[in-house]
Amino acid sequence: MKWITATAVLLFLLVPAMGQKISVDTIMQLDTLRISGERYISFSDGQKLIRIDTEVLHENKRNNIANILMDNTSVYIRSYGQNNVASMSFRGTSSSQSGIFWNGINIRMPSLGSTDLSLIPSSFFNNATIVFGGSSVRYGSGTIGGAIFLNNNAYFGNYISAGLDLRMGSFGYRGADITATLSQKKYYLNFTFSGQQARNDFVYTDLRGEDERMDNAAFSGLGFNLHGAALIGKKSQIDLFL
């Protein structure tokens with residue numbers, strides 16, 4: 001009788017389980033999540049790294065990289081005013097002992113030995129990482145203070161986006177940013193244009209106590225950034241930067 005009772009209990013438990021059906025509505029199709037890492041991070045164990053959030057870059061797209069570093073990091077920035085030379089210093093080293101890399105390419109000016117950060121708009125990249133304590137072996141000759149990596153990452157999908165940002169200010173300041181992105185499952189194209197100009201003829205008080213107007217301080221600048229990417233096969237990607 002014991003085995004008959006055990007069999008009856010087992011059948012009683014199996015009948016509801018066999019009667020259950022999985023509803024299609026309960027199945028959720030999740031999008032593919034791509035996780036990628038930069039090569040320099042793999043070789044920076046033990047070093048201090050600061051990643052600037054993408055939202056911070058987007059909210060400060062009107063500024064150059066010098067202003068973003070001053071507001072969000074401990075990197076010392078020596079700036080001589082709006083649209084004037086701005087240089088960086090890591091841990092007491094000079095600007096010539098620090099490197100700045102755009103998609104892996106060192107853009108330090110050979111003639112000056114340093115990089116003018118005021119010439120780099122934050123709208124030209126969507127990923128920024130600062131490495132403290134560089135290495136000449138890893139990042140190139142003379143890079144011993146630190147390094148800044150500015151990268152353009154491709155986000156594949158099915159969308160088209162465009163943006164226009166216009167700015168006006170005192171002393172004849174005018175600025176504009178235009179961004180357009182076309183993204184497909186295997187192709188990605190992003191174009192960004194940035195321009196600004198100003199008379200910059202502000203009034204100041206000289207050593208004699210008289211008001212003078214600043215002359216020969218006008219500035220203007222134009223630039224563009226193009227990033228194209230394509231997926232090749234399942235594990236390869238090719239990028240074009242201009």
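Student: Where does Asn216 lie?
Tutor: In the loop between strand E12 (211–213) and E13; strands here are DSSP runs of at least two residues, helices of at least four, numbered from the N terminus. This is a predicted model, so local features need pLDDT of at least 70, side-chain atom pairs count only at pLDDT 80 or more, and totals for chains, interfaces and linings use all residues. Residues are numbered from 1 along each chain as its sequence is written, and side-chain values use heavy atoms, with hydrogens and water left out.

Student: Is Asn216 buried or exposed?
Tutor: Exposed, at 84% relative accessibility. Buried is under 20% relative accessible area, exposed over 50%, partly exposed in between (1.4 Å probe, protein chains only).

Student: And what about the phi of Asn216?
Tutor: Positive, about 55°, although Asn216 is not a glycine. Most residues other than glycine have a negative phi.

Student: OK, what is phi for Phe171?
Tutor: Near 60°, again a positive value in a residue other than glycine. Phe171 lies in the loop between strand E8 (159–169) and E9, and Phe171 is partly exposed, with a relative accessible area of 40%.

Student: Switching to the surface: which residues make the nonpolar patch of about 290 Å²?
Tutor: Ile160, Leu182 and Leu189. Areas come from the Shrake-Rupley method with a 1.4 Å probe.

Student: Where is Leu182 found?
Tutor: In strand E9. Leu182 is partly exposed, at 38% relative accessible area.

Technical notes:
Patch = residues over 30% accessible without salt bridge, like charges linked within 9 Å, V, L, I, M, F, W, Y side chains within 5 Å. Salt bridge = Lys/Arg side-chain N within 4 Å of Asp/Glu carboxyl O.
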